[in-house]
Structure formats: C-alpha cells, structure tokens
Amino acid sequence: MNSGNIDPLPVMPSRRVLCLLLLLLPFLLFWRVWAPAPEQRLVFAYGDFVEQNYLARRYVAQELRSGRVPLWDPYTFGGQPAAASSLFQVFYPVAAWQVLFPELPLLALELEAIFHLGLAGVFTFLFLQRLTGHTGAAFLGGLVFSWSGLLTSWPALQLFVLETMVWMPAGLWLLEEGLQRRALGWMALAVVAYALSIYAGHAQMVLYSAYLSGAYLIWRSWRLRLPWHFVVRAGLIVALGTLGLGALQWLPSVEQALGSQRAAWTYAELANGFRPEELLGILRPRDAAWSPLYVGVVPLGLVIAGI
C-alpha cells in the first residue's frame, strides 16, 4: 500500500500542554473579571463571597503578614475562633500567597477562585488519563468538570466549597496511580491531596470525598485483583494519614462544631437538598437560576451513546 495516499493520524498535544490549557481556560471564560479596561470589568455577585469569604481571608492575610497566627477573630459580634472556623482557611497553603498584599484586593480572591477551576480540570484530566489511557477523553472530562454547572455556579461564590471539591479528583488520580503501580508511596501522596481538602474548609464536601474515595479504592482493587493485604495497608495509609495530616484543622473545628447550636438540629432541619423536580436540571439549564446539575449537551450525548 502506498503510504503517500494515507493521511497521518492527528497527534494529540503533550500532557503538559493540555494541563496548561485546562489551567488557563477558566481565565478565558471569566475574562471580564480581570479585563484591563475598567468599563469591561465585572465582579463576582455580591453575597457570601464578599461578606464572608473576602472579609475572613483579608483578616487572615493581615495577621499572617504581621507575623501572627490568626487564632481569634475579634471583629465578628463578640469575637469567634478563627483558626478553628474552617471558613477562614487559616492553614490552607494555597491561600498563603495573599500575604503579599498590604491590603488584600477583592480581585486577588476572584483570581484564586478561577485558578481553582483550572486545577479541577487538570486533576480530572490526570485521573481520567491514567484510568482510561485515552488522552482525548481525559481532556474532555477535565473540561466538563472544570466548566460544569456544579463548579461555576454557587461553589464559585462559596470559595471554601469550591477549593475543597478541587482536591477530590487529585486524590482519585493518586489512588489510581498507586493501585496500578502497586506502590504505597502514591497512597502517601493521596494523603496530601485529601489533607488539603480538609484545610480548604468545607466539611460536607470532605465527607462526600471520603465516601467516594473509599468506594473507589475497594472497587478498583477488586477490578485489578489486588491482594487483600495490599488493599488494607493502602486504605489504612490513606485514612489514618489524612486524619493525622489534617488534624490541625479538623480537631479544633470539631470542638467548635460541638459547641454550636446547630449540633442540636435534627436531620429534618438540615436536609434541604434538591427537590425531585430539580433533577430536570441534568437535561437543561434553569432559566435565571443556578444550574449546578447541568454539564452540557455534548457530555449528555456521549453518556447516551455509551449506554
């Protein structure tokens, strides 16, 4: 056969290029946040992002810049623990860059949120590429998760929710690496990812991540037919390592939560999730409202084709 009559197959860009692209694309989506021209610029919607997240992080940045650990917030009502309140993200290392500002601008926090959207895409890409071996599918998966209604709706305005969710695909990627390589060292790296999710500050999302990661570890170990003693050691490393490395945040947070009036609330008072009719949001975005269940037409079409 004459090879001159055959078109070469398209070559996918390298993993580094695709990761860089996934990291930068959210800045393109939210370009009006950092637009150079003031008349083109927009800001995140007013609400908890400004009234809670920004004020808390501004206080933490000022305290750290002054060489003090922000253990106590004297400005809210009669004062409250700052380090114990995960909302302040006192020990979250990714937030430490904000000590560079003498007066923390709101734009810095907005850019941090956009950066975490990019991280979500990168970690999802790395996880899916390792799981499937298909670079194109992994890139699409990273793009879908990073730009999904879940991440770009209300979690973007609840910064600690967004930043906690980002580390879930990172933990799954490192778990997958460890299981395929039969290497416990990768499990130790997964511990770092899960501990970062604790320091990012949203306990509910940490719990969801623990449920998913535990089920994933068991399922993949069964699929890969790994010896039970390896699986037990891997599980103990991840579980105990995460609790130990994240103890600086979760121990005082649990103590604070037990003293809160919410500790006495019933399940009926706290169980305010999606109503059944809101499941239609999987198929189409909601008009003039958040669409956290919507991921887009292309992913839905691929799901249908896969089934």
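How many salt bridges does a search of the whole structure find? The search turns up 7, a salt bridge being a side-chain nitrogen of Lys or Arg within 4 Å of a carboxyl oxygen of Asp or Glu. This is a predicted model, where local features need pLDDT of at least 70, side-chain atom pairs count only at pLDDT 80 or more, and totals for chains, interfaces and linings use all residues. Residues are numbered from 1 along each chain as its sequence is written, and side-chain values use heavy atoms, with hydrogens and water left out.

View 1. Helices here are DSSP runs (H or I, at least four residues), strands are runs of E (at least two), and both are numbered from the N terminus. Helix α1 covers residues 15-29; at 1.5 Å a residue its 15 residues should span 21 Å, and the end C-alpha atoms sit 22 Å apart, which agrees. That expected span is 1.5 Å times one less than the number of residues. Look for a kink of about 25° at L23, shortly before the proline P26; the bend is the angle between axes fitted to the seven residues ending there and the seven starting there. L18, C19, L22, L25 and P26 are the buried residues of α1 (buried is under 20% relative accessible area, exposed over 50%, partly exposed in between, with a 1.4 Å probe and protein chains only). They pack against α3 (106-132) and α4 (135-146).

**View 2. E112 meets R57.** The closest N and O atoms of this salt bridge are 2.7 Å apart. E112 belongs to helix α3 and R57 to helix α2 (residues 48-65), so the pair ties together parts 55 residues apart in sequence. E112 is buried, with a relative accessible area of 2%, and R57 counts as buried too, at 3%.

**View 3. E103 meets R58.** Here the side chains join in a salt bridge at 1.9 Å, N to O. E103 sits in the loop between β2 (80-81) and α3, while R58 is in helix α2, so the pair links parts 45 residues apart in sequence. E103 is partly exposed at 41% relative accessible area, and R58 counts as partly exposed at 28%.

**View 4. T242 in helix α11.** T242 is found in helix α11 and counts as buried, at 10% relative accessibility. Leaving aside neighbours within four places in sequence, T242 is in contact (heavy atoms within 4.5 Å) with V191, Y194, A195, I198 and I237.
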